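Visitor: Could you walk me through this structure? I have not seen it before.

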Amino acid sequence: MVRHLFLIRRPDHPSMEYTNPELPEGINTSKQNPLKEFAILTLGMVGVLFISLTLLILLVDYFADKIPFDWERSLPVTRFLDSKNSEKLPLYLEQVSQQVIQSLDLPESMTISVHYVNSDTVNAFATLGGHIVLYRGLLEKLGYEDELSMVIAHEVAHIKYRHPILSASHGVVTGLVLSFIGLSSGDGVVSDLLGSVGMATMIKYSRDYEYQADSDAVESLIRIYGHADGAMGLFNIFDSAKGDIGTVEFLSTHPLTKNRITQVGTMIEGRNILNKNDMIPLPQAFKDGLKQP
């Protein structure tokens with residue numbers, strides 16, 4: 001096939017001229033520093049991710065809170081608890097637990113199961129279905145019933161506000177979003193950065209839950225003992241055992257101990273409650289019963 005090119009000369013431009021100027025240097029190069037462009041783009045993505053996750057978590061909170069507690073209670077959670085070292089709840093521990101539970105004004109449909117694990121682990125936690133687990137390692141560090149009540153009240157407050165199922169829902173949503181981002185971006189550095197932002201968003205809610213549980217636990221102590229010295233005693237034990245040197249709250253799922261002490265101190269001042277009250281020592285028989293397996 002023969003192709004013909006035609007140049008049509010318009011009558012009103014009889015002498016049209018064609019030029020081929022040399023292109024200036026750097027015409028395809030941005031005048032802005034590429035690192036600055038990368039920083040702006042990254043910050044924009046971080047901001048969008050933070051806002052999106054926050055909105056998603058608020059949406060999840062709205063629906064997760066509507067899940068019937070009976071359904072949560074039916075989950076086979078006890079299969080995953082430490083059954084190897086689980087023991088029957090000591091009578092004194094059961095009595096203190098019931099006293100604390102009754103002080104927290106739980107919904108009628110909400111039941112609490114307290115578990116005792118004979119392990120060196122210094123911990124206590126609340127999980128799905130209204131289960132609370134107390135480890136011997138933590139109980140051995142306590143000297144007073146007030147401190148024990150603070151531990152139990154803090155964990156019961158987590159159940160009261162449905163924190164376990166809310167946290168589990170946050171984990172699922174955040175995991176799905178970060179998985180999608182990881183598959184979409186294809187850039188390891190960007191994925192890691194956005195993943196860190198997602199985790200920071202999630203643990204921020206975790207810290208808020210801890211403060212809320214502390215607040216209710218302090219109110220429980222005041223109802224039972226007329227003061228909240230057990231809270232201060234417990235946090236001082238934490239502070240002595242672990243300390244917060246070099247720890248940044250932003251990176252932690254739990255508030256710094258000094259910040260928890262500050263919150264409790266503010267509550268005590270607001271309630272006009274005297275400090276340094278007499279606390280109730282733990283019975284020696286109970287302490288002797290906390291034996292290693």
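Guide: What follows goes from the overall build to one helix, its surroundings and some charged pairs.

Guide: This is a predicted model, in which local features need pLDDT of at least 70 and side-chain atom pairs count only at pLDDT 80 or more, while totals for chains, interfaces and linings use all residues. Residues are numbered from 1 along each chain as its sequence is written, and side-chain values use heavy atoms, with hydrogens and water left out.

Visitor: How many helices and strands are there in the protein chain?

Guide: The protein chain has 10 helices and 4 strands, where helices (H or I, at least four residues) and strands (E, at least two) are DSSP runs numbered from the N terminus. Starting at the N terminus, the order of elements is α-α-β-α-β-β-β-α-α-α-α-α-α-α.

Visitor: And how much of the chain is buried?

Guide: Of its 293 residues, 42% count as buried, meaning under 20% relative accessible area, with exposed being over 50% and partly exposed in between (1.4 Å probe, protein chains only).

Visitor: What does helix 5 give to the core?

Guide: The largest nonpolar core has 44 residues, among which Leu 93, Ile 112 and Leu 148 touch the most other members, and helix 5 gives the most to this core, with 7 residues. A nonpolar core here is a set of buried Ala, Val, Leu, Ile, Met, Phe, Trp, Tyr and Cys residues joined through side-chain atoms within 4.5 Å.

Visitor: Which residues does Ile 112 touch?

Guide: Leaving aside residues up to four places away in sequence, Ile 112 touches Ile 101, Leu 106, Gly 130, Ile 132, Val 156 and Ile 159, a contact being heavy atoms within 4.5 Å.

Visitor: What comes just after helix 5?

Guide: Just after helix 5, Arg 162 takes a positive phi of about 60°, and this residue is in the loop between helix 5 and helix 6 (163-185). Most residues other than glycine have a negative phi. Asp 105 also has a positive phi, near 50°, and lies in the loop between helix 3 (91-103) and strand 2 (113-117).

Visitor: Are those two buried or exposed?

Guide: Arg 162 is buried, with a relative accessible area of 8%, whereas Asp 105 is exposed at 63%.

Visitor: So what does Arg 162 form a salt bridge with?

Guide: Arg 162 forms a salt bridge with Glu 72, their closest N and O atoms being 2.8 Å apart; the pair links distant parts of the chain, since Glu 72 is in helix 2 (residues 69-73), 90 residues apart from Arg 162. A salt bridge is a side-chain nitrogen of Lys or Arg within 4 Å of a carboxyl oxygen of Asp or Glu. Glu 72 is also buried, at 2% relative accessibility.

Visitor: How many salt bridges does that rule give?

Guide: The count comes to 5 salt bridges. One of them joins Asp 216 and Lys 160, with closest N and O atoms 3.0 Å apart; Asp 216 lies in helix 7 (residues 188-225) and Lys 160 in helix 5, so this pair ties together parts that are 56 residues apart in sequence.
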